[in-house]
Amino acid sequence: MKTVAEASTEILASFEPVGLERVSLLAALGRFSAVDVRAAAALPAFDQSAMDGYAVRASELRGANEETPVTVPVHGESRAGGEPPSALPPGTVMRIFTGAMLPEGADAVVLQEDTQREGDTVQLRVAPKADANVRRQGSDLSVGDLFCPAGTLLGAGEIAVLASQDLASVTLHRRPRVAIVCTGDELRDIGEPARAGSIVSTNAYALAAQVLEAGGEPWVLPAVRDKRSIAADAIRQALAADVVVISGGVSVGDYDVVRDALTDAGIALSFWKIQMKPGKPVSFARARNDRVPVLGLPGNPVSSWVTFELFVRPGLRKMLGDPQPQRRRAEVCLSAPLQRSTGRVEFARARLSPSADGRLVAQLAARQGSGSLPALIGVDALVVLPAESGQITRDDVLEALILRELPDFVRAGS
Ligand code: AMP
Ligand code: MG
């Protein structure tokens, strides 16, 4: 049986980005640049004033100070978005505003606060250094600067800089299309008439939401009956996607037909068990010349949810170009001591909160059974309970996968 680490490595290696697409700037929010983007235009595009004041030749004002101000004629003005200013005649200054073009000949700006206007002249009370309060062309970005390397997460700031380059769209990795095939005679969709023993296919919704949350495009196929030929047909159809996730039917029960159906669809499993709790029966294969990862997840809702998180989500993030496709890990302590059976590593659902001494405390969901759906409400983290730890005290430091970043109060308290 594979360990979680072995399985993760093998599965993650099978996920590769599936091609590039151009995406309009705002739609790229939260995704990763797939290519290096270099500046095509200098930023600022022209020499400009950083302040409201007067454009001057610094060399002409040496010696100006509070006691001995210098009075000079004002030659016109330059305002943001106005006509380009004429050159500054020697011995004069120009009224200028923030963001306005610096006139030729000027090399500094004296702040309005350091001046006194008197009709056509102005009194200047400081001797600026050259370049004072001036934003030089290209001082932020020169043409050719690599400002957005491949793998950059595109947030509001990155989008602003891309916009400064007149880019209406960016090149991203295409969002992977993920086929979701749920198996089980008992399954029905929301709103379909309930029969005795039937259940809503909650995994279809959980998995679709997980795919969306990871940045992929879910493609939910109609639920499949526990019949080998029907399951095989559905799997063949699903292979049109970039990734196939099959829920249920992957264990060893009489009606667990997925392994046979995979064989019929020409897919050879690499492995079908992982040493872990919940979710031991996870199967993995590569289809279509190894291009399409196929994962069979256990049908139990909690197992399905956890194993997607561990084995599918990182792959989807990798496909999107996330340089850190794994969840962040943090150290936590349990809110109460725990006694458990050893042998398998366990991924326990927990809520996190800060303790007075600044530690992160994990309160495990009361029901850790793999079928207990409501235990998925409000989960912040998966706490890793090591295989051989039978007794865990409140002082033991454990590792947790952070699924939801903590709210502000935690940061405020730290
Ligand atoms: P299986 O892995 O097919 O043996 O299913 C294990 C358990 O998960 C059974 O109780 C199933 O009814 C349940 N289950 C299977 N598929 C789903 C699904 N799509 N949604 C919710 N529960 C499911
Ligand atoms: Mg089943």
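Predicted model: local features only at pLDDT ≥ 70, side-chain atom pairs only at ≥ 80, totals over all residues.
## Basis of the model

Local features need pLDDT of at least 70 and side-chain atom pairs count only at pLDDT 80 or more, while totals for chains, interfaces and linings use all residues. Residues are numbered from 1 along each chain as its sequence is written, chains are lettered from A and ligands numbered from 1 in the order in which they are written, and side-chain values use heavy atoms, with hydrogens and water left out.

## Around ligand 1

Ligand 1 is surrounded by 16 residues, of which E186, S201, N203, G249 and G299 are the closest; a residue is near the ligand if one of its heavy atoms lies within 4 Å of it. By class, this shell holds 9 polar, 5 nonpolar and 2 charged residues. Here Ala, Val, Leu, Ile, Met, Phe, Trp, Tyr, Cys and Pro count as nonpolar, Asp, Glu, Lys and Arg as charged, and the others, Gly among them, as polar.

A backbone N or O atom of G249 lies 2.8 Å from an oxygen atom of ligand 1, and one of N203 lies 3.1 Å from a nitrogen atom of ligand 1. A polar backbone atom of N300 is 3.2 Å from an oxygen atom of ligand 1. Taken alone, ligand 1 exposes 490 Å², and the protein buries 76% of that (Shrake-Rupley method, 1.4 Å probe).

## S201

S201 sits in the loop between β15 and α3. S201 counts as buried because its relative accessibility is 7%, buried meaning under 20% relative accessible area (1.4 Å probe, protein chains only). Not counting residues up to four places away in sequence, S201 touches C182, L187 and R188, with contact meaning heavy atoms within 4.5 Å.

## Nonpolar cores

A nonpolar core is a set of buried Ala, Val, Leu, Ile, Met, Phe, Trp, Tyr and Cys residues joined through side-chain atoms within 4.5 Å. The largest has 39 residues, and M276, F311, L316 and F347 have the most contacts inside it. Among the elements that each supply at least two residues are α1 (4-13), α6 (301-319) and β24 (345-354). The helix α6 gives the most, with 9 residues.

A second, separate core of 24 residues includes V181, V224, A234 and A238.

## Helix α1

The buried residues of α1 are V4, A7, S8, E10, I11 and L12. They pack against elements including β21, α6 and β24.

Notes
Polar contact = N/O pair within 3.5 Å; in protein donor to acceptor, adjacent residues only side chain to side chain. Buried < 20%, exposed > 50% of the residue type's maximum accessible area, 1.4 Å probe, protein only. Helix = DSSP H or I, 4+ residues; strand = E, 2+ residues; numbered from the N terminus.
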